Structure formats: C-alpha cells, structure tokens
Amino acid sequence: MVHLTKVSEGEVSDLPEAVKKISLQLANDDDSFTTSVYGSKFAAEDLPKHEMPENEMPKEIAYRMIKDELSLDGNPMLNLASFVTTYMEEEAEKLMAESFSKNFIDYEEYPQSADIQNRCVSMIGRLFHAPSDGEGAVGTSCVGSSEAIMLAVLAMKRRWKNKRIAAGKSADKPNIIMSSAVQVCWEKATRYFEVDEKLVYCTPDRFVIDPKETVDLVDENTIGICVILGTTYTGEYEDVKGVNDLLVKRGLDVPIHVDAASGGFVAPFVVPDLEWDFRCEQVVSINVSGHKYGLVYPGVGWVLWRDAKFLPQELVFNINYLGADQSSFTLNFSKGASQVIGQYYQLIRLGKKGYRAIMSNLTRTADYLSSSLEALGFVIMSKKSGEGLPLVAFRLSELADPETERNYDEFALAHKLRARGWVVPAYTMAPHTNDLKMLRVVVREDFTKNRCDSLITDIRYCQQLLDQMDKDSIRKQEEFIHRHAVNSGQSKHNHPRFRKEKHSIQGKHGKTHSIC
C-alpha cells in the first residue's frame with residue numbers, strides 16, 4: 001500500500017520559545033569532518049603551495065583537492081607528442097600497484113623482484129641477438145633511456161681511457177660521434193662526463209647520419225659512435241649496418257652504441273631482418289625504453305652490453321646491502337620494483353605474437369595517417385611501411401604561386417589543434433636544415449584508426465580556419481597564445497639564471513629539443 005502524506009508548509013517544532021532562540025557558534029575547524037568535500041573550509045581556501053601546512057586535513061579531502069588540481073592537465077590519450085605509454089591492462093596496473101612499497105635494490109628482502117629483472121634482461125638480450133660466446137652479455141634496468149645512455153657513455157669512455165693509458169698516450173680529449181638530431185640526454189652525457197661532441201649534421205633532405213661522413217670523423221680520441229634506431233624527429237632508422245661495415249672495412253676498432261630508445265621494441269617485430277643489433281660486430285651496447293614501445297608506464301629503461309668485457313670492472317660496485325652481496329652499475333640506488341614487474345608482465349602476457357600484432361597495427365595506422373595527410377597537401381618527412389617508427393612527421397607544402405605567402409606556419413597549426421584538445425607538437429628541425437619546421441604525430445598503442453580519423457578531420461578544420469584569417473589576426477592570436485595559453489610561456493618555476501642557455505644545440509642553432 002502507498003501511504004499518502006500532507007505536503008509540509010514549514011518546520012513545525014514543539015520546543016519552547018526560549019530554547020528556539022539559542023544560537024550555537026562553533027569553531028570553523030569542526031567542518032573538516034563534514035561529509036561533503038566542497039562544504040568544508042578547505043574548498044574555500046588555497047591549496048598549500050610553498051610551505052607545509054601546520055594542520056592536517058581528512059584523507060578524502062586531500063585526495064579530491066589534488067585530483068581536482070590534476071584535472072587541469074591535458075588528456076594523455078590526446079597527447080600525440082610523446083612516445084611514453086599511456087595505456088596498460090588493469091591486471092598490469094594491479095601488479096604494479098601491489099609492488100609500490102618494494103625497494104628494488106633490496107635483493108635480500110625482495111629476491112623474486114631482482115630475479116624478474118634478470119629474466120627481462122635475458123629476454124631483451126635474446127631479442128637483440130646477444131651472442132652467447134665469450135664472457136656473456138650483461139645488462140641492467142634503468143629509470144629510462146637517459147640513465148641507460150649515461151651508463152653506456154661512461155663505459156665507452158672508461159674503456160677508451162684504459163686503452164690509451166696502457167699504450168702510454170694522452171687520454172684527456174675524448175670525443176663521441178653522433179647526429180645533430182640526437183635527443184637532449186646525449187648532450188647531457190657529453191657535458192656531464194666531459195666528452196667532446198662530433199656532430200654529423202642533417203640536411204634539408206636527409207634527416208639521419210650518413211655512414212661515410214660519420215666514419216670519416218673517427219680519430220684516435222673517438223670513444224664511440226651513437227647510431228639512432230628511430231630519430232625523435234622523423235622516426236627514421238639510421239643505418240647501423242652501414243656504419244658497422246664501413247668500420248670493419250677500414251679496420252677501425254671503434255664501438256657503436258645503438259640508441260634504440262624507441263625502435264628497440266618495434267624493429268624486431270616489424271622488420272626482423274633489419275640488422276641493427278648485436279648481429280653487427282661493432283655494436284657493443286644498446287639501450288631501449290620499456291616505457292615507450294615496451295608498453296610500460298614511465299619510467300623504465302634497459303641497457304645491454306654484448307659482452308662483459310665492454311663494461312669496465314672498475315665501474316661496477318659490489319655492495320653488501322642488508323646482508324646480500326650484489327653487483328651494481330647505476331646512477332641512482334633505491335627505486336621501486338613496479339616498472340620492472342610491469343615490463344615482465346608485458347613480455348610474458350603478450351609474447352612475440354602480441355608485440356608483433358600491436359606494432360603491426362601501429363604501423364598500419366601510421367601509414368594510413370601519412371597517406372591521408374599527403375592527400376590533404378602536406379609534405380611527409382617520415383618513412384612508411386616499417387622503415388621507421390610508427391609516427392608521422394609532416395610539414396606544410398610550398399604554395400603553387402611562389403609570389404604568394406602563407407599567413408601561418410606549422411606552429412600556428414599546432415596551436416589551433418591544441419584548442420581542439422590535441423597535442424601535436426611543432427618543431428624547428430636540427431641545424432643545417434634551413435630552419436625547417438615540422439609537425440609530428442606519434443602513433444601509440446591506444447591511438448586507434450577511429451581516433452586517427454577524428455584527428456584528420458580536425459587538422460583539415462583548423463587549416464580552413466587559418467586560411468580564412470589574415471596575417472595580423474594570426475600574429476595577435478599567436479602572441480596571445482604564447483602569453484596566456486601555452487603552459488611553457490606561463491611557467492614561473494624556471495630560475496632566470498638558467499633561461500636561454502647557449503651551450504646546447506638548441507641554444508646555438510635554434511633546434512627544438514623534441515619530446516620523447
């Protein structure tokens with residue numbers, strides 16, 4: 001039965017009039033225990049930014065306040081600038097979350113976590129055709145490819161120095177040969193470890209190193225050559241075998257380090273016959289990022305040497321930590337075990353078949369996007385059909401009438417796309433390319449064909465909007481965006497002393513350090 005009730009016309013109270021007049025004035029602090037986050041005093045106050053607060057706050061409110069703050073970040077799935085993984089299965093996330101409290105370096109307490117790292121090193125080493133003869137290949141996990149590259153440069157420099165001293169020669173002017181399109185971590189490594197850079201410059205129609213030009217730069221002070229398996233600008237694979245064969249032909253015993261940060265988990269599955277790894281005899285070390293196409297959240301990387309003799313013993317420390325003796329070659333010490341466990345999950349969950357399926361889909365999507373943009377009139381700068389990473393680098397084409405000038409450039413188009421939610425970065429290419437500008441879309445695991453179609457539609461829409469604007473309107477819009485909309489333009493955390501440095505390739509030539 002449904003009960004009927006009268007609609008109340010107001011509050012009815014049987015309390016005496018004297019009691020009704022009593023007014024309670026309680027301290028505001030008590031509302032910290034309110035059931036509503038937004039009814040608490042914290043919702044009406046600024047979050048602490050510079051000094052730790054004196055008092056605590058309820059955990060639910062702290063969570064919601066920080067979550068709301070983070071909602072102002074961009075959507076990772078629409079960030080097409082980065083190679084970094086933005087999707088993992090729930091089971092992988094659960095495994096990683098359960099390992100947050102594990103200190104990876106504590107072998108005595110967490111021996112299985114350490115063993116899982118060893119399994120990953122072995123699997124990745126075999127994937128890269130590590131030789132089984134000699135003293136055996138060795139490797140370790142890192143925070144990312146930046147640490148891996150630092151370790152590899154240290155090993156090459158120390159090995160070169162030992163040989164020079166043994167021969168009674170000077171060891172005070174080491175140099176390394178690399179492309180002018182290297183990622184900034186290579187410049188950090190050379191500066192931090194006092195190694196001179198010998199750059200192989202790109203050209204307006206060649207965005208990777210030329211093997212002959214590279215080997216021609218070798219001298220007695222060269223500690224090694226960096227060859228990139230998938231440059232960050234155009235994704236093209238540099239010719240590792242070409243450099244290797246030329247060194248062998250000339251009888252030059254110079255080690256090659258392959259920076260496979262992005263390509264190390266792509267090439268073995270898309271172009272397995274491409275010889276870039278330890279099949280090339282002069283390749284002594286390789287780094288790869290697990291948090292890129294290794295499909296793990298940041299940050300985890302790997303570095304491997306083809307033989308233990310290429311890792312000088314004096315760089316490795318034997319540490320008795322909490323009762324367990326272990327060998328250590330890292331730039332840091334304590335770190336969580338989660339990312340290594342996430343990598344192991346992906347390796348055994350997907351297997352070679354799963355990685356091959358994912359990388360094949362990414363390559364198909366990249367080829368589709370490349371063909372679509374070409375049909376829209378863009379000039380494609382990246383390779384197709386697995387000859388490079390699954391990304392699309394493109395630029396605006398020259399106008400048919402040379403007397404006519406376009407009112408906007410690649411940066412203006414990138415800003416228009418940002419207004420639509422997409423993060424498609426624009427870059428100024430490496431030096432000696434006539435200040436070539438370009439845009440780049442990285443195709444990651446969660447970038448489906450359906451989302452790709454949405455991007456293509458928005459690119460065309462933004463182009464049409466820019467075509468309708470005059471130069472003065474675009475100029476004013478760009479000034480406004482730089483001043484008020486671009487996060488880097490509003491940043492206040494950079495100390496004035498360290499702005500506009502002039503010692504890097506970017507500082508000297510205006511090249512944009514691309515995002516990895």
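Modeller: Two strands are said to pair if DSSP finds at least two bridges between them. The structure discussed here is a predicted model.

Biologist: Which residue in β4 stands opposite I176?

Modeller: Strand β2 (residues 175-179) and strand β4 (residues 222-228) pair in the parallel sense, over three bridges. Within this pairing, the residue of β4 that stands opposite I176 is G224.

Biologist: In β3, which residue is the bridge partner of I176?

Modeller: β2 also pairs with strand β3 (residues 196-200), in the parallel sense and over five bridges. Together with helix α6 (residues 184-192), β2 and β3 make a right-handed β-α-β unit. The bridge partner of I176 in β3 is E197.

Biologist: Why is β2 largely enclosed by the rest of the structure?

Modeller: In a regular strand the side chains alternate between the two faces of the sheet. In β2, N175, I177 and S179 lie on one side, with I176 and M178 on the other, and both faces are covered. Buried denotes under 20% relative accessible area. β2 is largely enclosed because the number of its five residues that are buried is five.

Biologist: Which element supplies the largest share of the lining of the second largest pocket?

Modeller: The second largest pocket holds about 780 Å³ of space. Among its 28 lining residues, those closest to the centre are Q117, G139, T140, S327 and S328. At least two lining residues come from each of α4 (111-127), β1 (138-142) and β9 (324-328). The largest share, five residues, comes from α4.

Biologist: How many residues of that lining are charged?

Modeller: The lining of the second largest pocket includes 13 nonpolar and 13 polar residues. The number of charged residues is two.

Methods: Residues are numbered from 1 along each chain as its sequence is written. This is a predicted model: local features need pLDDT of at least 70, side-chain atom pairs count only at pLDDT 80 or more; totals for chains, interfaces and linings use all residues. Side-chain values use heavy atoms; hydrogens and water are left out. Buried means under 20% relative accessible area, exposed over 50%, partly exposed in between (1.4 Å probe, protein chains only). Helices (H or I, at least four residues) and strands (E, at least two) are DSSP runs, numbered from the N terminus. A crossover is right-handed if, with the strands pointing away from the viewer, the path from the first strand over the helix to the second runs clockwise. On a 1 Å grid over the protein atoms alone, a cavity is a set of points where a 1.4 Å probe fits but cannot get out, and a pocket is an open set with protein on both sides within 12 Å along at least five of seven lines; lining residues have an atom within 4 Å of a point. Grid points are joined across faces, edges and corners, and a volume is the space filled by probe spheres set on the points. Ala, Val, Leu, Ile, Met, Phe, Trp, Tyr, Cys and Pro count as nonpolar, Asp, Glu, Lys and Arg as charged, and the others, Gly among them, as polar.
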